[in-house]
Amino acid sequence: MTAPTAATRLFALLGDPVSHSLSPKFQNAAIRALGLDAAFVALRCSADDAPGLIRGIARAGGGGNVTVPHKALAAATVERPSQAVLRTGACNTYWLEDGAVHGDNTDVAGVLQAVHVLLGRPPAGARVLLVGAGGAASAAVCALADAGVERIVIANRTVERARALAERFRVPGVRIDVAGAVDALAGERFDLAINSTSLGLKPADPLPLDPDAPGPEIGAALDLVYSPNETRWVHALRARGLSAADGKEMLIGQGAAAFRRWWKMEPPLDVMRAALAE
Ligand code: NAP
């Protein structure tokens, strides 16, 4: 990044906490690679301050991302929410366009990109087991239902939350079922299992789906949690010969989709991936 000028566009990730975020690393690498006059920063902010920052930064010619715990607040703040924001109730990207503050939930595009890269094809027709029913799960169900998967089973510790998610995304042609625990699905077969729980963030966490415990048979696995050297779940599944990936490609995918909204140009994906791998 060259030194900021009076014309530098500011992009800010808003959330709490944000100091761990890898978005500044790969967004600034993309900005540098394309010679853009911009800077991407991460700002820890409260729920009281987030709406003002979103409006102010966008109206000053910039934009940015929003992360936990402000995604629902951002959805209520932006003036032009995308279909993905309206359907998931979450906004992770904001920018100014035609004089209005726009918002999108690019986690939807991000999870689809990660699934596509893992399977080597779009997931149309696939049977998917989704573990978890929070915000990341909502983006996943939105993406998978639109992509025309055959069936999604949402398994979550709090089964009522899984039911609410299934109800929210009822679309013709896609069967969505719920389960409280994955062992109840023994004997079933899924093309893809996705972990959208926060299990894997802490070293002592149990695996979201233990390959040695009774449960369904799976063809491939995507962990939305990510770690520099992949997650324990990814290692455990690969050791059994399964194709598995962690959430880094989703992170790149959501960032790339956000970049397209801000800059109206294709992001340098290879540069972003290399920056993340550093
Ligand atoms: P969230 O809305 O708080 O949802 C958390 C989910 O994890 C819920 O389904 C919750 O179940 C489940 N959970 C938490 N602790 C559990 C435990 N001990 N046992 C079983 N289930 C447990 O969080 P989120 O926003 O969906 O994010 C979830 C994870 O996705 C994050 O940790 C993050 O690593 C990852 N993520 C990755 C990306 C990416 O770009 N790769 C983007 C977004 C999120 P209950 O409903 O029963 O509480």
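## Ligand contacts

A polar contact is a pair of N or O atoms within 3.5 Å; within protein, one atom must be able to donate a hydrogen and the other to accept it, and residues adjacent in sequence count only if both atoms are side-chain atoms. An oxygen atom of the ligand lies 2.4 Å from an N or O atom in the side chain of Thr158, while a backbone N or O atom of Ala133 is 2.9 Å from an oxygen atom of the ligand. A nitrogen atom of the ligand is 3.0 Å from a polar backbone atom of Leu224. Of the 930 Å² that the ligand exposes when taken alone, the protein buries 74% (accessible areas by the Shrake-Rupley method with a 1.4 Å probe).

This is a predicted model, in which local features need pLDDT of at least 70 and side-chain atom pairs count only at pLDDT 80 or more, whereas totals for chains, interfaces and linings use all residues. Residues are numbered from 1 along each chain as its sequence is written, and side-chain values use heavy atoms, with hydrogens and water left out.

## The shell around the ligand

The ligand is surrounded by 20 residues, the closest being Ala136, Asn156, Arg157, Thr158 and Arg161 (a residue is near if one of its heavy atoms lies within 4 Å). At least two residues of this shell come from each of α6 (135–146) and α9 (248–263), helices being DSSP runs of H or I with at least four residues and strands runs of E with at least two, numbered from the N terminus. The shell has nine nonpolar, nine polar and two charged residues, where Ala, Val, Leu, Ile, Met, Phe, Trp, Tyr, Cys and Pro count as nonpolar, Asp, Glu, Lys and Arg as charged, and the others, Gly among them, as polar.

## Pockets

A pocket is an open set of points, on a 1 Å grid over the protein atoms alone, where a 1.4 Å probe fits, with protein on both sides within 12 Å along at least five of seven lines; lining residues have an atom within 4 Å of a point. The largest pocket is lined by 40 residues, and Thr67, Val68, Lys71, Asp107 and Ala136 lie nearest its centre. Because domain 1 (9–105 + 250–277) and domain 2 (108–246) both give residues to the lining of the largest pocket, this pocket lies between them, the bounds coming from an automatic or database domain assignment.

The second largest pocket is lined by 22 residues, with Asn156, Arg157, Thr197, Ser198 and Leu199 nearest its centre; by class, its lining has 10 nonpolar, eight polar and four charged residues.

## Backbone details

Most residues other than glycine have a negative phi, and most peptide bonds are trans. A cis peptide bond, with omega about 10°, joins Asp16 and Pro17, and Pro17 lies in the loop between β1 (9–15) and α1 (23–33). The bond from Val68 to Pro69 is also cis, with omega near 5°. Glu230, which is not a glycine, has a positive phi of about 70°.
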